[in-house]
Amino acid sequence: MKIDLANPAWQQTLPPARSVATDAPVAACAFNRDGSTVAFALGDGCVRLLPADIKQAAPEATAPLHKGVALSLVGDPAGDGFVSGGDDGRVLRLAADGTATELLAQKGKWIEHLVAHKTGAVAASAGKSMFLFRDGEVREFGPHPSTVAGLDFSKDGSRVACAHYGGITVWSLSKEVVLPPRRFAWQGSHVALRWSTDGKFIATGTQENDIHVWRVAQATDMRMQGYPAKVKSLSWTADARFLYTSSQPVFTAWPFSGKGPEGKPPLQFGDEGAGLMTVVAAHPTAEFVAGGYDSGELQLGDIRTRRSVVLKMADGAAITCLAWSPDGFRLAVGNDRGDLLTIDLRR
Amino acid sequence: MASPQTSAQVPVTVLTGYLGAGKTTLLNRILSEQHGKKYAVIVNEFGELGIDNDLVVNADEEVFEMNNGCICCTVRGDLIRIIEGLMKRKDKFDGILVETTGLADPGPVAQTFFTDDDVKARTRLDAIVTVIDAKHFFGQLEQGSEAEQQVAFADVILLNKTDLVSADELKKVEDRIRGINRYARIHRTEKSRIELDAILDKGAFDLGRILEFEPDFLHSGHDHKHEDEVRSLSITADRPVDPDKFQKWMGALLQIKGGDIFRSKGILAIDGAPRRYVYQGVHMMMDSDWGTPWKDGEKRSSKLVFIGRNLDADNLQRGFDECLK
């Protein structure tokens, strides 16, 4: 990586970017498996595809996939395209050539969350259930006590954790060894979930402005309070040493190496003037982190130096989604006005 | 509402009422009328209603307790998610209609609009509309507390099926409703037939518009009520309110009595402020904002309305008087 936040050139100029304006709020964005294409899920039900290389001419590629809103999107871990979910209750596989195949149709349910694992599996939330798509098969897990409001794979892809009211449920996905689901209880409504990149911790954001973290092996837990708003975006660093959270004016990272975060304040850094952070995304390999604000500003931070630079100025439209390319050189950004942004960080 | 902030917020109308009172008929009337407006409709019984609208969304009635130790503070988690999802739509709409099931307590629905930051930023509770079956109202009161609560929470009441009862019976039903909630506007209807501007976009938050309709106090004859019965009362003041003292008093009051106070509303003349200060609350949760400016020479008086159980008018008035300059 040639990212050097201490370099004056980095601090003073915005990086090269491609911006495409649409008129539908962006619900989700993602890169495909090889990082060649970036996709945005839009509030008119379409998924818009663009070449990840911002210098490459962009052919018009808009797939009208869902009736209503395209709510969720991931790169297809088993192909060259994407998997999308909509408020029409459908999960679709979108191939690189633009053809769509229906994986699931649940009338009256919204597909709000999708996660993918490099083994090729995809999990989707649909009402109180979680659906797993793997090797051409669909399996249903649930029902949970309430609507699944967040989900994630374990590091090795053998389990999926689902957030709901009253705690989380961890499902073993093995068909050979059938294990009962494990329930980790904590009162309240859990509205976001991320399993740590080393598999040891599961973090949730709650309706009541705090976050909760379980140690998976010991089933012990911890709670971090003091947020001014619901924490809807959580992101673990590649080395699992830090958990970044949204919903503060600055980058907020809880340390999980050594003795862990208990009794310690989080590390906080970055420019405070940008409003409240709505989305946070740790870099896939390096120690950088991207944060999008409700003001529309986008910052890149470096936890080693506690420096941050602005990648996109505030323009009033709240950032709704962020995604790093697999190689970590490009960043996709969407906002609630419908701007699709791809930033190239190589200089 | 004069506040610039509220103009961007989508108005939400909550429809409540006992099973069979006529909610679905009303909903279909609202949707089929040629008003050129687009409504999103959130219902609990998906698919059985035959509602003809692209924007009908199914809710699960997921009632979540808030973790503040207070039993009355609950919200609807499904509503929060649905409203967040609706806001991602390209095609915007003019309003949201939430139909609650006939046996539901409207409290958690209403509280959702006061509690969740995202919901508060995007929507405003415009009015709670309760449909009442004139013929079966007394029977429903005996079956449990739901019918009484639905009246207590209401900003607007449709006294429906008036063609099925005598004038005398109707008067008795109306008196009983007034005994519970004398601040809701009552419309007598048959088959839920009503002008839409009587129920939609009422600006319940701008209490001034509701208090215009405040019925006279002579209606009552209900002074011999039991303490635990649900009823409504108002207290007033002619001197300006000290905002700090008021905040302290109201905070303490709702902390102690919030479970018994279903609705509270107020217009305050804050000492030195050019605009009305308006608030509405559900149980312990409340929301407030600056309202319309006082006109030159207009008498600046404050008024608080409480609807709930075990309300002590003298005590409330004494507490309020201590908040005055």
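**View 1. The largest cavity holds about 170 Å³ of space.** The model shown here and in the other views is predicted. Of the 13 residues that line this cavity, W110(A), T147(A), N58(B), D60(B) and I82(B) are the closest to its centre. Two elements of chain B, β3 (56–58) and α2 (77–86), each give two or more residues to the lining. The largest share comes from α2(B), with 3 residues. By class, the lining has 4 nonpolar, 4 polar and 5 charged residues. A search of the whole structure finds 3 cavities of 30 Å³ or more.

**View 2. Chain A and chain B bury about 2200 Å² between them.** Carbon and sulfur atoms account for 49% of this area. In chain A, the residues that lose the most area to chain B are W110(A), Y165(A) and E208(A), which together make up 24% of what that side buries.

**View 3. The contact takes 29 residues from chain A and 26 residues from chain B.** Across the interface there are 8 salt bridges. One of the residues that form a salt bridge is D118(B), whose partner is K232(A); the closest N and O atoms of the two are 2.6 Å apart. On the side of chain A that touches chain B, strand β16 (residues 182–195) of chain A gives the most, with 3 residues. That side of chain A divides into 10 nonpolar, 9 polar and 10 charged residues.

Methods. Residues are numbered from 1 along each chain as its sequence is written. Chains are lettered from A and ligands numbered from 1 in the order in which they are written. This is a predicted model: local features need pLDDT of at least 70, side-chain atom pairs count only at pLDDT 80 or more; totals for chains, interfaces and linings use all residues. Side-chain values use heavy atoms; hydrogens and water are left out. Contact means heavy atoms within 4.5 Å. Buried area is the accessible area (1.4 Å probe) that two parts lose on being put together, summed over both. A salt bridge is a side-chain nitrogen of Lys or Arg within 4 Å of a carboxyl oxygen of Asp or Glu. Helices (H or I, at least four residues) and strands (E, at least two) are DSSP runs, numbered from the N terminus. Ala, Val, Leu, Ile, Met, Phe, Trp, Tyr, Cys and Pro count as nonpolar, Asp, Glu, Lys and Arg as charged, and the others, Gly among them, as polar. On a 1 Å grid over the protein atoms alone, a cavity is a set of points where a 1.4 Å probe fits but cannot get out, and a pocket is an open set with protein on both sides within 12 Å along at least five of seven lines; lining residues have an atom within 4 Å of a point. Grid points are joined across faces, edges and corners, and a volume is the space filled by probe spheres set on the points.
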